[in-house]
Amino acid sequence: MRSTAALFAVSALVSSAMGATYNVKDKFVGQSFLSGFSHQTFDDPTHGRVNYVDQQTALAQNLTVATDNTLILRADSFNKVDPSSRGRNSVRIQSNNKYGTHVSVYDMRHMPQGCGTWPAAWEVGDDWPNQGEVDILEGTNDIEPNQATLHTSANCAQPAGRAMTGNSVQDNCDVAQTGNAGCGVQATAPNSYGKSFNGAGGGFYAMERTTSSIKVWFWSRNDPTVPADVKTAGATVNTDAWGTPTALFVNDQCDINAHFGEHNIVINLTFCGDWAGASFNAGGCPGTCNDFVNNNPAAFADAFWDIAGIHVYE
């Protein structure tokens, strides 16, 4: 649905919605992830070569480690995988709480890297794609940079010339029209993803969702422009002070409020599947993706998340 913004000048169409001050709603740091998130064990909907394990198994196998100030989520890097099994043991966690309009801030020290990997930090509704999906940090096979993407039902697209630092890959967000590619925006900073992200000590991602826009920001760990309320999580954040976002999705050709429902936060690591399998050789990876994942456990020693915290503001 085209909003009334279409009646204004082009500059008004692509300008960002006004930011705001938000109050902290939920804080997830270290062991609070174990009560605030649930481990999901169903078959991977993206057809990955992965076996998602429950929390008890993840803790016993050190695939999930929670201390006072750290959450580690990792894949098994010791065992070969039986070709007849679901895949390599790994973890997918989902927040127990749901969020509508909100800001989420992700402080990540390390993300999974390596051939065959498909890590993602994202937010999604129960009724997919009708309640939408926001991919904040996602990619495959160490192919830099990061891509932030919306996935929606019909009648959601984005105009050219939006006020953002990233580059649009696709402007149609409708999964049925794009083969589930959605409308992605690639960051311009190589250290927004993969080996370069980890080499810089990780960084910060933030997402703001209002009734009329969705924004994603990225700052590398030692970027001098990291906002103080992002670098040190507190009681409030002021998105007005965060500068131009990496990705901006607006209301012009997409009724944001109608296409996005209440979302859970999801952090996961899968392998191969619809995207990482298709891009495996493009990432400079040898052979076939499934065979690589099955037979090279040591290749996944760096396939882990090290999360300092996730804070949600409303």
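Which cysteine does a disulfide join to C272? The partner is C289, with an S to S distance of 2.1 Å. I count a disulfide as a pair of cysteine sulfur atoms within 2.5 Å.

Before the rest, the ground rules. This is a predicted model, in which local features need pLDDT of at least 70, side-chain atom pairs count only at pLDDT 80 or more, and totals for chains, interfaces and linings use all residues. Residues are numbered from 1 along each chain as its sequence is written, and side-chain values use heavy atoms, with hydrogens and water left out.

On confidence: pLDDT is the predictor's confidence in each residue, from 0 to 100. The chain has a mean of 94, and 94% of its residues reach 70 or more. Residues 1-17 are below 50, and that stretch has 29 contacts in the model beyond near neighbours in sequence; contact means heavy atoms within 4.5 Å. Where pLDDT is low, the predicted coordinates should not be read in detail.

Back to the cysteines. The whole structure holds four disulfides. In sequence order of the bonded cysteines, the pairing reads 1-7, 2-5, 3-4, 6-8.

The link of C272 and C289 is left-handed, with -95° about the S-S bond. C272 sits in the loop between β20 (264-271) and α8, and C289 in helix α9, so the pair ties together parts 17 residues apart in sequence. Helices (H or I, at least four residues) and strands (E, at least two) are DSSP runs, numbered from the N terminus. C272 and C289 are both buried, meaning under 20% relative accessible area, with exposed over 50% and partly exposed in between, for a 1.4 Å probe and protein chains only.

Next, C173 and C183, whose sulfur atoms are 2.0 Å apart. The S-S torsion here is about 90°, so this disulfide is right-handed. C173 is in the loop between β13 (167-168) and α4 (175-178), while C183 is in strand β14 (residues 183-186), so the pair ties together parts ten residues apart in sequence.

C115 and C285 form another disulfide, at 2.1 Å between sulfurs. It links distant parts of the chain, 170 residues apart: C115 lies between β8 (102-110) and β9 (117-124), C285 between α8 (273-277) and α9 (289-295), each in a loop.

Last, T64, in strand β4 (residues 64-66). Is T64 buried or exposed? T64 counts as buried because its relative accessibility is 2%. Its side chain makes a polar contact with the side chain of H39 at 2.9 Å. A polar contact is a pair of N or O atoms within 3.5 Å; within protein, one must be able to donate a hydrogen and the other to accept it, and residues adjacent in sequence count only if both atoms are side-chain atoms.
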